[in-house]
Amino acid sequence: MTEQNSCWSVWVDTGGTFTDCLAIAPSGEVRRAKVLSSSALRGRVTEVLEGGRYRVEGLAGLPKDLPVGFTCARLDESALAARVSGFDPNESELSIDGPLELKPGDAFELCSPDEAPILATRVALGVAANGSIPSFTLRLATTRGTNALLERRGSPPALFITRGFGDLLRIGTQQRPDLFALEIKKPAPLYAEAIEIEERLAADGSVLQHLDVEALDDSIKRLLHAGIESAAVALLHSHRNSTHERTLADRLRKRGFRYVCASSDLAEQIGILGRAQTAVVNAYLSPVIDAYLQNVASQAGPGLRTLHVMTSAGGLVQPKDYRAKDSLLSGPAGGVAGIASAGTKSGFTRLIGFDMGGTSTDVSRWDGDFEYIFEHDVGDAHLVAPALAIETVAAGGGSVCQFDGERLRVGPESTGASPGPACYGAGGPLSLTDVNLLLGRLNPAAFEIPIFPDDAQQRLEETLRALCERTGTTMSERELLEGFLAIANERMAEAIRRVSVRKGYDPRDHTLVAFGGAGAQHACGVAELLGITTILVPEDAGLLSAVGLGHAMIERFAERSVLAPLADIVESITTWLDDLAEEAMKALQCEGLVRDRIVIRRRIANVRFAGQDATLAIELDDPSDLQKDFERRYEALYGYRPESRPLEVVSLRLVVSERPRTEVQNATVPIAYMPKPAGSVGEVPTYRRSELRAGAQVIGPALIFEAHSATVVESGWTASIDAVRAIVLRREP
């Protein structure tokens with residue numbers, strides 16, 4: 001599975017709370033690591049020694065002196081900090097220099113100066129902070145752009161737009177998110193200032209008013225003097241003629257703008273609103289993404305052979321070709337690649353991915369290949385960019401569970417990596433992780449960081465008191481915990497309905513693939529709400545998004561705007577597709593791929609009835625069958641097939657990639673046996689996944705614990721270990 005036999009292959013997925021890492025040695029050995037996405041490690045003091053030395057727990061597995069140079073701080077007191085001067089794993093001994101004094105029982109955090117992917121790589125490979133990482137290739141998925149967008153921590157660009165359209169992004173579509181709200185609070189635009197440009201193209205791309213770039217020099221100087229380094233360019237009808245946009249973009253670069261994003265380069269399609277929104281988001285995030293990837297590459301050192309980054313569409317590109325607009329679903333896309341590989345190996349072909357992490361839950365559908373969307377929203381931003389069809393709901397292990405004075409709520413607020421759930425010991429609120437811990441559905445010893453059940457219990461008691469004081473309702477601790485669990489499960493089930501039922505697919509015809517740190521804890525409950533009877537929990541389920549990076553492909557999209565009646569252009573479609581394929585193949589050859597290893601993986605036509613605005617993406621085999629294919633898909637989605645009406649082709653897209661790896665199903669049927677429990681939680685037996693060999697049968701209720709996750713086998717379900725060591729849960733009829 002390594003890309004080069006002489007070096008390590010490292011796959012890293014940085015999520016909102018944890019960063020997951022798999023490292024494959026040249027020998028084939030697999031190593032795993034999970035660190036906080038805040039680039040931190042956590043531990044707890046067990047004994048105070050002399051001279052700034054402490055006996056600690058929670059840092060098992062770290063190599064000698066790995067955290068030397070890190071900053072050490074007590075979790076509940078950030079004012080005082082010290083420098084780590086040594087770490088001896090054999091004696092579990094940590095040495096620090098500075099004014100910080102710790103006592104037995106104190107939880108502490110060691111903060112690395114490196115980005116989380118490099119810290120995770122060092123932990124997995126066993127390389128100290130002052131040591132050089134050996135030769136390795138890195139595949140990376142990151143939420144850096146997503147977090148910067150949601151938290152408004154990007155670099156506001158200047159927007160250059162056709163005169164008369166300066167307020168376009170403020171006006172938007174004029175849709176009201178809350179129809180009955182009396183006070184409308186619109187989010188502030190992402191750009192710093194809109195500059196209206198004297199130019200105009202007709203709808204067919206002909207020039208009505210020529211562009212005068214020299215007239216903009218005073219505005220450009222003023223913007224640069226104000227410290228604005230990014231610019232977004234969106235001119236009317238540039239999807240038909242991009243000359244004005246390209247000329248203006250070249251002028252802005254020559255005058256000193258570091259990041260210039262032209263809408264026609266990012267989204268060559270009709271609709272200035274969508275193109276302008278996409279250009280602004282890309283310009284807003286480009287400095288963030290560029291700085292992040294540069295940091296990762298420089299901190300990796302000379303050992304880094306190649307770096308590829310995951311896009312929202314599930315493909316890999318080099319940093320020089322990576323656009324910020326394509327980064328926002330990077331991590332979840334790795335999970336979709338992971339479920340495809342895991343499902344195939346275990347013999348399942350129709351899959352629903354259920355990725356429950358620390359901050360959110362991502363759900364997706366797989367039926368032989370990726371399902372794409374070409375416009376999507378992230379927070380307040382709308383983008384015209386290819387992405388996998390992934391639904392996200394703010395319900396993860398870190399989702400805050402609270403009584404808001406009127407009702408019980410789970411999310412959308414999240415504890416994130418810091419402070420984290422209450423049981424992390426950093427003063428965080430009650431979260432879903434705490435709920436599962438207090439219900440006995442988690443093993444505290446299996447966590448990568450020290451766990452404080454008493455802190456979770458305290459937050460639970462505070463919530464119970466608040467509920468009683470406000471409503472007079474008396475509820476047992478278990479009733480409250482199970483209530484939070486039920487709320488979370490219903491929210492996640494509704495997200496799955498959005499990728500299945502609402503698109504014409506029956507979830508009961510699919511296998512639910514549960515992964516992420518918390519997915520297998522909630523899988524049975526969510527499946528029962530949907531009528532799903534089979535669940536797959538792959539090996540390395542807690543790290544599956546990182547696993548998916550290893551199965552993702554280097555790819556490119558190519559697009560052509562058409563906007564013509566199907567009847568008029570059906571003979572030209574094949575020629576246009578050939579031209580697009582050549583363009584995309586040349587881009588992949590620039591990455592060093594041999595041409596005979598490159599394949600055209602998808603041909604997609606975006607089609608609509610003449611006179612309509614919305615389009616359907618249709619897989620394109622034979623252009624002469626496009627009318628029938630469109631009508632069949634329309635009927636599956638909307639429940640009826642309208643009388644024959646003329647169609648309009650809006651655009652054509654190709655996906656060109658390296659040849660897909662062949663995933664082979666393991667046909668071996670293991671001999672069934674009933675394993676002995678390793679222990680129990682109350683009357684519920686517990687098992688260690690590492691001790692279950694192929695053929696093991698576990699009848700619910702039961703708990704199966706592993707290093708980075710736990711599987712809850714509810715009553716009425718039976719779990720078995722298949723030939724590739726995945727857990728398959730089936731509901732009894």
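**Note on loops, helices and ring contacts**

1. Asp65 lies in the loop between strand E5 (53–57) and strand E6 (71–74). Helices (H or I, at least four residues) and strands (E, at least two) are DSSP runs, numbered from the N terminus. The model is predicted: local features need pLDDT of at least 70, side-chain atom pairs count only at pLDDT 80 or more, and totals for chains, interfaces and linings use all residues. Residues are numbered from 1 along each chain as its sequence is written, and side-chain values use heavy atoms, with hydrogens and water left out.

2. Stay with Asp65 for its backbone. Its phi is positive, about 60 degrees, although Asp65 is not a glycine. Most residues other than glycine have a negative phi. Asp65 has 24% relative accessibility, which means that it counts as partly exposed. The classes are buried (under 20% relative accessible area), exposed (over 50%) and partly exposed (in between), with a 1.4 Å probe and protein chains only.

3. Asp540 is not a glycine, and its phi is positive, near 60 degrees. Asp540 sits in the loop between strand E29 (534–537) and helix H13 (544–551). Its relative accessible area is 16%, so Asp540 is buried.

4. Now a peptide bond to check. Gly700 and Pro701 are joined by a cis peptide bond, with omega about 5 degrees. Most peptide bonds are trans. Pro701 belongs to the loop between strand E36 (697–699) and strand E37 (702–705).

5. Which residues of H5 are buried? They are His244, Glu245, Leu248, Ala249, Arg251 and Leu252. These residues cover an arc of only 160 degrees around the axis, which puts them on the same side of H5. The arc is taken over the directions from the helix axis to the C-beta atoms. An α-helix has 3.6 residues a turn, so residues three or four places apart point the same way.

6. H5 has 13 residues and reaches 18 Å from its first C-alpha to its last, close to the 18 Å expected at 1.5 Å a residue. The expected span is 1.5 Å times one less than the number of residues. Gly256 follows H5, and its phi is positive, near 125 degrees.

7. Asn241 is in the loop between strand E15 (230–234) and H5. A polar atom of its side chain lies 2.9 Å from the backbone oxygen of Gly205. Leaving out residues up to four places away in sequence, Asn241 touches Leu201, Gly205 and Val207. Contact here means heavy atoms within 4.5 Å.

8. Helix H15 (residues 573–589) has 17 residues. Its end C-alpha atoms are 24 Å apart, close to the 24 Å expected. Its buried residues are Ile573, Trp576, Leu577, Leu580, Ala581, Ala584, Met585 and Leu588. They pack against strand E30 (553–565), helix H14 (566–569), strand E31 (598–609), helix H16 (626–638) and strand E33 (647–658).

9. H16 packs back. Its buried residues are Leu626, Asp629, Phe630, Glu631 and Tyr634. Their packing partners are H14, H15, E31, strand E32 (616–619) and E33. H16 has 13 residues, which should span 18 Å, and its end C-alpha atoms are 18 Å apart, in agreement. Gly639 comes after H16, with a positive phi near 90 degrees.

10. On to the rings. Rings of Phe, Tyr and Trp (its six-membered ring) pair if their centres lie within 6.5 Å; planes under 30 degrees apart are stacked, over 60 edge-to-face, the rest tilted. By this rule there are 11 aromatic pairs. Trp366 and Phe370 make an edge-to-face pair, 5.5 Å centre to centre, with 75 degrees between the planes. Phe370 and Tyr372 have ring centres 6.3 Å apart and planes at 70 degrees, so this pair is edge-to-face. Trp366 and Phe370 are buried, and Tyr372 is buried too. One aromatic cluster takes in Trp366, Phe370, Tyr372, Phe374 and Phe557.

11. Two arginines meet rings. The charged end of Arg44 sits over the ring of Phe452, 4.4 Å from its centre. The charged end of Arg693 sits over the ring of Tyr673, 3.9 Å from its centre. The test puts NZ of Lys or CZ of Arg within 6 Å of the ring centre and within 35 degrees of the ring normal.

How values were computed
A polar contact is a pair of N or O atoms within 3.5 Å; within protein, one must be able to donate a hydrogen and the other to accept it, and residues adjacent in sequence count only if both atoms are side-chain atoms.
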